[in-house]
Amino acid sequence: MSCQDKIALVTGACGGLGRAIAETFLAEGAKVVVCDISTELIDDFKEKVSSAHPDRTLVLRKDITHESALDELFKEAIEAFGQLDCVVNSAGIMDALDPVADLNMEMWNKVIAVNVSDWNRSGCRSTRSFHLLV
Ligand SMILES: NC(=O)c1ccc[n+]([C@@H]2O[C@H](COP(=O)([O-])OP(=O)(O)OC[C@H]3O[C@@H](n4cnc5c(N)ncnc54)[C@H](O)[C@@H]3O)[C@@H](O)[C@H]2O)c1
């Protein structure tokens, strides 16, 4: 499937799955808005991936659990590339895999905010301009 000239936004795009997805979109001809929270992973992505596709990548450091950061992410993506055709929510975190009896509520709430609630937050914003929500 060619993604020539399609615009994809990928959250968690400098991690394992997200990076593979972002690189696949680039290989298929798409422009990619790359969002991640990790400065270290972002620097590595810029050095090894964006540098080869400077006109087709926009790399943004955003925390997707913050409403204002998501607003900025979608606004900056549209400003840069004019539209979005696909949004992939790949940002995620793992808990410490503690036994249920030792559940850390702070960690639980963080996992829910990143892994679950963002589907809703990003989905709301995506519907204004997207063609496919993954
Ligand atoms: N790898 C697997 O085999 C697998 C299987 C099933 C489901 N998943 C799920 O897919 C998602 C991605 O998995 P992965 O293996 O690529 O994980 P990963 O840890 O390699 O990548 C996740 C990325 O999300 C980013 N991120 C975390 N919190 C963020 C935030 N608040 N804002 C923006 N970015 C944030 C991280 O910096 C990281 O780059 C996770 O939710 C994971 O649970 C993974």
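This note goes through the predicted model point by point, from overall build to local details.

1. **Basis.** The model is predicted: local features need pLDDT of at least 70, side-chain atom pairs count only at pLDDT 80 or more, and totals for chains, interfaces and linings use all residues. Residues are numbered from 1 along each chain as its sequence is written.

2. **Layout.** The protein has four helices and five strands. From the N terminus on, they follow the order β-α-β-α-β-α-β-α-β. Helices (H or I, at least four residues) and strands (E, at least two) are DSSP runs, numbered from the N terminus.

3. **Overall dimensions.** The radius of gyration of the protein is 15 Å; this agrees with a compact globule, because 134 residues would give a value near 14 Å. That radius is taken over C-alpha atoms, and the globule rule is 2.2 Å times the number of residues to the power 0.38. Along the principal axes, the C-alpha atoms fill a box of roughly 50 × 30 × 25 Å.

4. Of the 134 residues, 33% count as buried. The scale is as follows: buried means 20 or more other C-beta atoms within 10 Å of a residue's own, exposed means 12 or fewer, and partly exposed lies in between, with C-beta atoms placed from the backbone. Two residues are in contact if their C-beta atoms, placed from the backbone, lie within 7 Å. Among contacts with a separation of 6 or more, residues 24 or more positions apart account for 66%.

5. In soluble globular proteins, nonpolar side chains tend to be buried together. Here the largest nonpolar core has 28 residues, and Ala8, Val10, Val32 and Val34 have the most contacts inside it. The elements giving two or more residues to this core are β1 (7-11), α1 (16-27), β2 (31-36), α3 (67-81) and β4 (86-89). Helix α3 gives the most, with five residues. A nonpolar core is a set of buried Ala, Val, Leu, Ile, Met, Phe, Trp, Tyr and Cys residues joined through C-beta atoms within 7 Å.

6. **Strand pairing.** β1 and β2 pair in the parallel sense over five bridges. Val10 has Val34 as its bridge partner in β2. β1 also runs parallel to β4, joined by four bridges. There, Ala8 stands opposite Cys86. Two strands pair if DSSP finds at least two bridges between them.

7. **Ala8.** Which residues are in contact with Ala8, leaving aside neighbours within four places in sequence? They are Phe25, Ala30, Val32, Asp85, Cys86 and Val88.

8. **Enclosed strands.** β2 is largely enclosed by the rest of the structure, because six of its six residues are buried. Lys31, Val33 and Cys35 lie on one side, and Val32, Val34 and Asp36 on the other. In β4, Cys86 and Val88 point one way and Val87 and Asn89 the other way, and all are buried.

9. **Ligand shell.** There are 21 residues around the ligand, and Gly12, Gly15, Gly16, Leu17 and Gly92 come nearest. A residue is near a molecule if its C-beta atom, placed from the backbone, lies within 6 Å of it. α1, β2 and α4 (105-126) each supply at least two residues of the shell. α1 gives the most, with three residues. By class, the shell has nine nonpolar, 10 polar and two charged residues. For this count, Ala, Val, Leu, Ile, Met, Phe, Trp, Tyr, Cys and Pro are nonpolar, Asp, Glu, Lys and Arg are charged, and the others, Gly among them, are polar.

10. Glu67 lies in helix α3. Glu67 counts as exposed because it has 10 C-beta neighbours inside 10 Å. C-alpha to C-alpha, Glu67 is 20 Å from Ala8 in space and 59 residues away in sequence. Lys75 is exposed, with 11 other C-beta atoms within 10 Å. Lys75 and Leu9 are 66 residues apart in sequence and 12 Å apart in space, C-alpha to C-alpha.

11. **Backbone angles to check.** Most residues other than glycine have a negative phi, and most peptide bonds are trans. Asp5, not a glycine, has a positive phi of about 65 degrees. Asp5 sits in the segment before β1. It counts as exposed, with 11 C-beta neighbours inside 10 Å. Leu97 also has a positive phi, near 55 degrees. Leu97 is in the loop between β4 and α4. Leu97 counts as exposed, with 5 C-beta neighbours inside 10 Å.
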